[in-house]
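Subject: Structure handover and notes

Hello,

Here is the structure we spoke about. Please load it first, then read the notes below.

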Amino acid sequence: MTAQVDYLVVVFTATSGASGELLGSDEKELVQLVWQLVDVKNKKLGRVNELLIKPDLSDLTEEKEEEDVVEERVEEENGSGADSVSTAASLEAALNEFHLQMTNEVNSAGAGTSVCLCTDGQLHIRQVIHPEAASKNILVPDCFYSFFDLRKEFKMHFPTSDLKALNVHIMAESLSIPVDVPPMWDPSATLDPSAILPAEVAVQHVQTMASIVLALLSEPFCHTFSNSEKVSEKFESGTCSKMEKVCDNTVIRARGLPWQSSDQDIARFFRGLNIAKGGAALCLNAQGRRNGEALVRFVSEEHRDLALQRHKHHMGNRYIEVYKATGEDFLKIAGGTSNEVAMFLSREDQIIVRMRGLPFSATHEQVLAFFSPGDGLKEMCPVSGGKDGILFVHYPDGRPTGDAFVLFACEEHAQCALRKHKEILGRRYIELFKSTAAEVQQVLNRYSSAPLIPVAPAPLVSVLPTVSLLPPPGGVRDCLRLRGLPYTASIEDILTFLGEFTHDIRPHGVHMVLNQQGRPSGDCFIQMTSAERAVQASQRLHKHVMTSQRGANSRYVEVFPCSAEEMGLVLMGGSLSHTHTHTHTRSRSGTGLSPPPCLSPPSYSFTPVPPVLPTEAAAALYPPIGQVLLTPRPLPPGHAYYPGAAQLYMNYTAYYPSPPGSPTTVGFYPSPSSISSPGGLVRMPGLTYNSNGVKDLINAVQGYQYAPEDALMHAHGPVHAHDPTRTLLTQPKEWVCI
């Protein structure tokens, strides 16, 4: 409104719960509605009207016919002091009665036709009437969509006053208005937030507000009531650019939403508060499904603060949690830069339906035919705009994802389309969901930014020299590779399978290989005392059957001789074809060797990353590459169980060997000794979040030579130098210094 209104209706509401600044925060029902008409031009006051609403109780036994009647009562039967008192059986009847009485009184006055409500603050309209009406699916009369906030009108003439601290008493005192009434209800004066406001206080409150309005209309203020507060009647969908600035004080996060809820359901939950255009964004999980959360952007901080008061209010049978969020959070979900999406969403008053599970070969014609009425069906759900109303989702290389969004002109057509949920298109059933503009942006952003093939990580220590990791041909083949073991096979089963060759196994020379899930991979490496015995074992045991004591299954096992370098390569994640194990003179290109996926020869290019450690520190910490990767740490001379030539390996990236095993004649592991020689860096990916940190790593490498103080967990924090069991790390760990 730009011109002065003819009439103001001063309104006050009371619920069966909290009042004051907590009004409406507990979802209690409206029980009292008091109002008085103010003639702005003639500066006259009408009569005080009070309307009492019966609570909606399920155990009422009165006849429904009698409850629907609005009864008039005389003033003497009620001590509130109102000139007219009425009783309504429901909120809907009360709102209609209020609108009828207000219209009749304005028409009888005959001084004009324009009328607007006036309240003490925002809560009576935004937090009481509209939320309850929305939860009960009640149509609110048009007069409740605009109102004047008396506090803001008063602040125009008293700019130094604190808007949040204002109340009727302060305004009346500032305007020198005598108030011969008891102190107004102060919610801070009681410890019970559910205390009910006395009926007579509401009437006195309205009378004081009417006096304040007359004082503002009179000299010296001569105030004009022209710019009223507006309540949005409908949520407007729209798009949001990632370059747009979103204030942090206008965004909230709603949690606990039903999975089938839409942006309109969110707008209904926050009815009475003005949500920005396109300001309701449903969040999706990693699988592209809704996770029960949404980010909502309001037009101002004031509306955001009112939304926070609806924490744990109910949407159906579920309570919704409401928290503060940031503008960055909102842009991550709702922001987008695609021109195709902007064109698709530029059509206003459209209902969006998401299709999921489409055949990859689906076309626009097939989608249009899917929504066309079948034989004998009268329901119509035409797609708005034909082919232009269909948006397929693609990967960056153009491959379809199986998702699409379809526009419908009205709610009726959209509901008809949703009834085709799980009908067949081609050979697949199609899932249909009501969607939002923000969800369209979110799905498009996710698929357009996700890499098609995971990029291999760059080397951890970028200062290490680049050398070929392939083992040189012609090495001593003093190891055995067993392939095709039963998955239940144990070290004892392997020793039984080897028979007489068990005595030729080096101490701690049995290495079971596990996959990335920690389960047996069917492979095993065994270090033998000599190359001759390794060849004899492979010739005699190749494709013999191994039986597991822990399971009834038995399998034939392939046995190949291999070198320690080849064993190290496989344990670090490379691949080794058995053709190479039988051919000594083949060229490097025909061996079937491939390097580990994380540390590769120069022919593999990766995106450079900054070094983890400074060059000087890395040079002092790490030995040459050959010592780090393909040779074990030298052992002190004379050690009883670790001869200097023993080749002991830990897994690097693709496989996870178990702790080394030995023949049963070795009954214990010697305690680790102090080693001054340089060590190696071993990667152990896939550690669980609930692991015991360094303790688990020490148990995993039991049997290898390492110093406990050298155990290094590389992630987001250090391990105590003198107590390896003390760590502050909370993320999965991958690296340990051996």
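A disulfide is a pair of cysteine sulfur atoms within 2.5 Å. A search of the whole structure finds zero of them.

Two points on provenance. This is a predicted model, in which local features need pLDDT of at least 70, side-chain atom pairs count only at pLDDT 80 or more, and totals for chains, interfaces and linings use all residues. Residues are numbered from 1 along each chain as its sequence is written, and side-chain values use heavy atoms, with hydrogens and water left out.

Overall picture

The protein has 20 helices and 29 strands. Both are DSSP runs numbered from the N terminus: helices are H or I with at least four residues, strands are E with at least two. Of the 738 residues, 48% are buried. Buried means under 20% relative accessible area, exposed means over 50%, and partly exposed is in between (1.4 Å probe, protein chains only). The accessible surface is about 36200 Å², and carbon and sulfur atoms account for 53% of that. Those areas come from the Shrake-Rupley method with a 1.4 Å probe; for residues, only the protein chains shown count as cover.

Contact means heavy atoms within 4.5 Å. Take the contacts between residues at least 6 apart in sequence: 73% join residues at least 24 apart.

Two strands pair if DSSP finds at least two bridges between them. Strand β1 (residues 7-15) is joined to β2 by nine bridges, and the two run antiparallel. Valine 9 has leucine 37 in β2 as its bridge partner. Seven bridges join β2 to β3, again antiparallel. Here tryptophan 35 stands opposite asparagine 49 in β3. β2 and β3 form a hairpin with four residues between them, and lysine 43 in the turn has a positive phi of about 55°.

Strand β2 (residues 30-39) is mostly covered, with nine of its ten residues buried.

Glycine 46 lies in β3 (residues 44-53). Its relative accessible area is 24%, so glycine 46 is partly exposed. What does glycine 46 touch, leaving aside neighbours within four places in sequence? The contacts are Gln36, Leu37 and Glu105. Glycine 46 and valine 9 are 37 residues apart in sequence and 9.4 Å apart in space, C-alpha to C-alpha.

The five-strand sheet

An open sheet runs in the order β11-β12-β10-β14-β13, with antiparallel pairing. Its edge strands are β11 (275-284) and β13 (313-315), each pairing on one side only. Neighbouring strands are turned by 30° against each other on average, direction ignored. Angles run from 0 to 180 degrees between N-to-C directions, and axes are lines fitted to C-alpha atoms, for helices over the stretch in contact.

Three bridges join β13 to β14 (residues 318-324), which run antiparallel. Methionine 315 stands opposite arginine 318 in β14. Helix α9 (residues 327-334) packs on the sheet and touches β10, β11 and β12, its direction making about 70° with that of β11. Helix α8 (residues 301-308) lies across β10 (251-255), β12 (290-298) and β14, running at about 140° to β14.

The four-strand sheet

A second open sheet to look at has the order β17-β18-β16-β21, with antiparallel pairing. Each of β17 (390-394) and β21 (431-434) stands at an edge with a single partner strand, so one side of each is left without a neighbour in the sheet. The twist averages 25° from one strand to the next.

β17 and β18 (residues 400-408) are antiparallel and joined by four bridges. Isoleucine 390 stands opposite valine 406 in β18. Helix α12 (residues 411-418) lies across β16 (351-356), β18 and β21, at about 150° to β21.

Other spots

Helix α16 (residues 564-571) is largely enclosed by the rest of the structure, because seven of its eight residues are buried. Among them are Glu566, Met567 and Gly568.

Serine 228 sits in the loop between α6 (199-217) and β8 (229-230). At 12% relative accessibility, serine 228 counts as buried. Its side chain makes a polar contact with the side chain of lysine 230, at 3.5 Å. A polar contact is a pair of N or O atoms within 3.5 Å; within protein, one must be able to donate a hydrogen and the other to accept it, and residues adjacent in sequence count only if both atoms are side-chain atoms.

Cysteine 240 is buried at 5% relative accessibility. Cysteine 247 is partly exposed at 43%.

Best wishes
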